[in-house]
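Please read these points with the model open.

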Amino acid sequence: MGRKLDPTRPKSGPGRKARKQRGAEVELARFLPPEPETGRKKLSSHGRKRAAKRRLGAGSGPTGRKRPLGRGGGGEPEPAGQTPRGRSGFSDGNSKWLAPAKAKKTAAKTNSVELSSDGEVEEGSWEMEEEDGSSEEMVDDYGASSSEEEELLPIEKAALKQKPDRGDLSEDDSEEEEEEAEEESSQKMGQKEEEGPDLQINLDIDEQFKLPTSEQIEKEDILFFCNPPDLHTIHQRIKGNMEVLQDFMVKREEGRTRQEYLALLRRDMAAYYSYSDFLLTKLMDIFPLPELINFLEANEVPRPVTIRTNTLKTRRRDLAQALINRGVNLDPLGKWSKTGLVIYDSSVPIGATPEYLAGHYMLQGASSFLPVMALAPQENERILDMCCAPGGKTSYIAQLMKNTGTILANDSNAERLRSVVGNLHRLGVTNTVVSNCDGRQFPKVLGGFDRVLLDAPCSGTGVISKDPAVKTNKDEKDILRCAHLQKELILSAIDSVNAASETGGYIVYCTCSIMVEENEWVVDYALKKRNVRLVATGLDFGKEGFTRFKDRRFHPSLKSTRRFYPHMHNMDGFFIAKFKKFSNAIPQAHKDEEPAVEAATLSAVPDTAVEPQPKKKKLEGSKADKEQKLPQHTLKKKQSLQAQRKPLKA
């Protein structure tokens, strides 16, 4: 329950443990010169207790220590820290008088002398008090009584009673006990060190990865529908499986194939990262296994918020200063961009600041800067943005053209064009015409452009961090449907460009997908169908496109295309290819090549996606040959019928 509060009792100051600790003044007293004695020297609580014990010991008989006299004699002790007359300092010869020969604790009241590890009294024990014969009550620095019994709690008194034997030990006995304790501790440490390697070996043996049996997998499948999976166990199994696959010949189990390990890894990653089995299979074909883990982890983290400065209205330096004054923490996007800023955190909504409403910047992903930079529009050109919504790339093109020339911003979705119109008005773009047409029919509507930007609709496998639903809602049909639409759009974009343009004749094709079917496959198809060639994108970073993928071989110039990944470039997954059109003529495909291309396309599409159409049987021979094969009575009937029809027609 604790002690009762006594309001009449003065404040006792710091607790017992706090007074035990040596303060700076005790340490400095060893080095500072002695102060002139202007009265009674103020001692610490323990110092007063030690002085009282020494007075009791001196008056008890011949066992008391003789005190060296000071200069004035009279039996007064010298001040604390001062050496006797004629001695320059402490030495082995005069150090014995600083410590008692034996430190005995005869009663609980005198149980205040504390021994150090080597049996000597703690520092500060040489502090003494003048003997004036008076039995004044010892008061500490805070005016409280120093009687220990009043301040001890019951549990502390019990602890003191449990250790009476320890107080009767001499210095030699305590030293012997301490040596024995040190020997025992060293022996225990030696045993632990000897056991350490064996324990480590056992851990290594236990941590060796083993494939679960088919029965264990079936049990996990049953429990998966009842309870959520143990993600920690799955994560540990993925790590162990990866280690085995990286050194398969050494770490694999006997009788187990690599396909079994890969099947388990795909199953575990699908459960841990919530992907469909189809999409994980596609990703495992694109990335090496260590890089695949990094890609999946990067998709769990959102990409940095980036903005593009609208140089039609302001400069990046001025915009950055204005946003910093509003409590926005930002930095330049990178050396490759002169207009981008990355936002780390903001005390105001970044999409509702006065600068945003005034059109000084546009919220835009870092990967969306790249297609416009690759297009490199020039002033006074005619440019087509075939799929323009929501208008970020269109406004960037107008910004680079300084509101000169003409931009045709087209999109097939009329609802999305509203955001395009709003952004163009807010950003001050005046050289853009907005249209709502199907991009596949665009060359019939209008053509002769200097440059065309095609940001084609895609499966969105590069922006999983923005749309996690892509993990599970995409299948083979969706990928092939997007690829078919992209092939139609890229041919339409190439036909809309004028190859005879003095400054242009370029087409930039980009997607926010990382699937080969939507990127390299479409580009390789365009190279075969039109008079175009691939040129450098002008981007200094990014990974080269595939020239071979599984059993497919693409054109060698696909090395000039660029891929961007979230785990490598900290931006959304993106693909960019730049074409140069060198002839307006459309090459005629040979009769032998057409069926081959159709067969290759149909072979990639599953049976559920495209139903095979029955082929029409070709007629063999001419009519005359058929008539010769007919029997004679049939021919006579046919001739008679023809003779009857002639007069009717006349």
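**Notes on the model**

1. Asp438 counts as partly exposed because its relative accessibility is 31%; buried means under 20% relative accessible area, exposed over 50%, and partly exposed in between, with a 1.4 Å probe and protein chains only. Asp438 sits in the loop between β7 (432-435) and α19 (442-445). Helices (H or I, at least four residues) and strands (E, at least two) are DSSP runs, numbered from the N terminus.

2. On provenance: this is a predicted model, in which local features need pLDDT of at least 70 and side-chain atom pairs count only at pLDDT 80 or more, while totals for chains, interfaces and linings use all residues. Residues are numbered from 1 along each chain as its sequence is written, and side-chain values use heavy atoms, with hydrogens and water left out.

3. Asp438 is one of the residues under the UniProt annotation "binding site" (unreviewed entry), which also includes Cys387, Cys388, Lys393, Asp411 and Asp455. UniProt positions are given in the numbering used here, feature names are shortened, and annotations may be inferred rather than shown by experiment.

4. With 8% relative accessibility, Gly392 counts as buried. Not counting residues up to four places away in sequence, Gly392 touches Arg308, Met362 and Gln364; contact means heavy atoms within 4.5 Å.

5. The peptide bond from Ala389 to Pro390 is cis, with omega near 5 degrees. Most residues other than glycine have a negative phi, and most peptide bonds are trans.

6. Phi is about 50 degrees at Ala376 and about 65 degrees at Asn380. Ala376 is partly exposed, at 29% relative accessible area, whereas Asn380 is exposed, at 59% relative accessibility.

7. UniProt places the feature "active site" (unreviewed entry) at Cys512. Cys512 lies in the loop between β9 (506-511) and α21 (520-529). Leaving aside neighbours within four places in sequence, the contacts of Cys512 include Cys458, Gly460, Thr461, Gly573 and Phe574.

8. What span should helix α11 (residues 258-273) have at 1.5 Å a residue? Its 16 residues should span 22 Å, and the end C-alpha atoms are 22 Å apart, which agrees; the expected span is 1.5 Å times one less than the number of residues. Just after α11, Ser274 takes a positive phi of about 65 degrees.

9. The buried residues of α11 include Tyr261, Leu264, Asp268 and Ala270. Among the elements that cover the buried residues of α11 are α9 (231-246), α10 (248-251), α12 (277-286) and α13 (289-298).

10. The axes of α11 and α13 are 12 Å apart, at an angle of about 10 degrees. That makes α11 roughly parallel to α13. Axes are lines fitted to C-alpha atoms, for helices over the stretch in contact, and angles run from 0 to 180 degrees between N-to-C directions; angles under 35 degrees count as roughly parallel, over 145 as roughly antiparallel, 65 to 115 as roughly perpendicular and the rest as oblique.
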